[in-house]
Amino acid sequence: MSDAIRPGIDEYFLKIASVVAERSTCLRHHVGAVAVRDKHILATGYNGAPTGLHDCLDLGCLRDELKIPSGTRHEICRGIHAEQNVIIQASLHGVSLEGSTIYCTHTPCVLCAKMLVNARIKRYVSFGTYQDNTFMELFRQANIAFDMQKKPPARISFLK
């Protein structure tokens, strides 16, 4: 009998979001998001510059240079948030996110929260926090369930 413990569904998809975050090109936060419905991945997204454009890894962080605090002045950043990218990826492939759950390494900013409300997601699960908690009221009004989980272990367990 194996000593490996099978992760629960929330831990499983939060681990996947963590791996997605490894593709981030942001120098401040690596954020990953996974859209899931009926235990199937619909789309993924991470934070970084628009496709084909220079990113912060190449150019440096404009927000750091201007000493702009995290969670403010989103328009100064060249990056697109992970939640925005998960919505964009789903739409590019003709996939509706209605009724889905978003698993994300961080809680959403208010701009992403508004987009997720309009995408009609039903649940948002995270283990990390972003500077902006305005999303809570938006989610409450839109009846989007919010679950804060503990950070999943980085270790991958293999069955023998």
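This note goes through some helices, strands and single residues of the structure above, point by point.

1. Basis of the note. The model is a predicted one, in which local features need pLDDT of at least 70 and side-chain atom pairs count only at pLDDT 80 or more, while totals for chains, interfaces and linings use all residues. Residues are numbered from 1 along each chain as its sequence is written, and side-chain values use heavy atoms, with hydrogens and water left out.

2. Helix H1. The names of helices and strands come from DSSP runs numbered from the N terminus (helices are H or I runs of at least four residues, strands are E runs of at least two). Helix H1 covers residues 9–21, and its 13 residues reach 18 Å from the first C-alpha to the last. This span is close to the 18 Å expected at 1.5 Å a residue, where the expected span is 1.5 Å times one less than the number of residues.

3. The buried side of H1. A residue is called buried under 20% relative accessible area, exposed over 50%, and partly exposed in between (1.4 Å probe, protein chains only). In H1 the buried residues are Asp 10, Phe 13, Leu 14, Lys 15, Ala 17, Val 20 and Ala 21. They pack against four strands, namely S1 (32–37), S2 (40–46), S3 (101–104) and S4 (123–126).

4. Lys 15. This residue is found in helix H1 and is buried, with a relative accessible area of 15%. Contact here means heavy atoms within 4.5 Å; with neighbours within four places in sequence left aside, Lys 15 is in contact with Pro 152, Pro 153, Arg 155 and Ile 156. Lys 15 and Cys 109 are 94 residues apart in sequence, and their C-alpha atoms are 21 Å apart in space.

5. Ala 21 and Tyr 46. Ala 21 has its place in helix H1 and is buried at a relative accessible area of 5%. When residues up to four places away in sequence are not counted, Ala 21 touches His 30, Val 31, Gly 32, Tyr 46 and Thr 105. Tyr 46 lies in strand S2 and is partly exposed, with a relative accessible area of 28%. Beyond its neighbours within four places in sequence, Tyr 46 has contacts that include Val 20, Ala 21, His 81, Ala 82 and Asn 85. Tyr 46 and Ala 17 are 29 residues apart in sequence and 8.6 Å apart from C-alpha to C-alpha.

6. Helices H4 and H5. Two packed helices are described by the angle between their axes and the distance between the axes. Helix H4 (residues 82–92) and helix H5 (residues 110–118) pack at an angle of about 30°, with their axes 9 Å apart. Axes are lines fitted to C-alpha atoms, for helices over the stretch in contact, and angles run from 0 to 180 degrees between N-to-C directions. The two helices are therefore roughly parallel to each other, a term used for angles under 35 degrees.

7. The contact of H4 with H5. H4 passes H5 in a left-handed crossing, meaning that the near helix is turned anticlockwise from the far one by less than a right angle. The contact is made by Glu 83, Gln 84 and Ile 87 of H4 together with Cys 112, Met 115 and Leu 116 of H5. By class, it has four nonpolar, one polar and one charged residues (Ala, Val, Leu, Ile, Met, Phe, Trp, Tyr, Cys and Pro count as nonpolar, Asp, Glu, Lys and Arg as charged, and the others, Gly among them, as polar).

8. The rest of H4. The residues buried in H4 include Ala 82, Glu 83, Gln 84, Asn 85, Val 86 and Ala 90, and the buried residues of this helix pack against S1, S2, S3, H5 and S4. Just after H4, Gly 94 takes a positive phi of about 70°.

9. Positive phi in two loops. Lys 39 is not a glycine, yet its phi is positive, at about 65°. Lys 39 lies in the loop between S1 and S2 and counts as exposed at 61% relative accessibility. Arg 120, also a residue other than glycine, has a positive phi near 65°; Arg 120 lies in the loop between H5 and S4 and is exposed, with a relative accessible area of 53%.

Methods
Angles under 35 degrees count as roughly parallel, over 145 as roughly antiparallel, 65 to 115 as roughly perpendicular and the rest as oblique.
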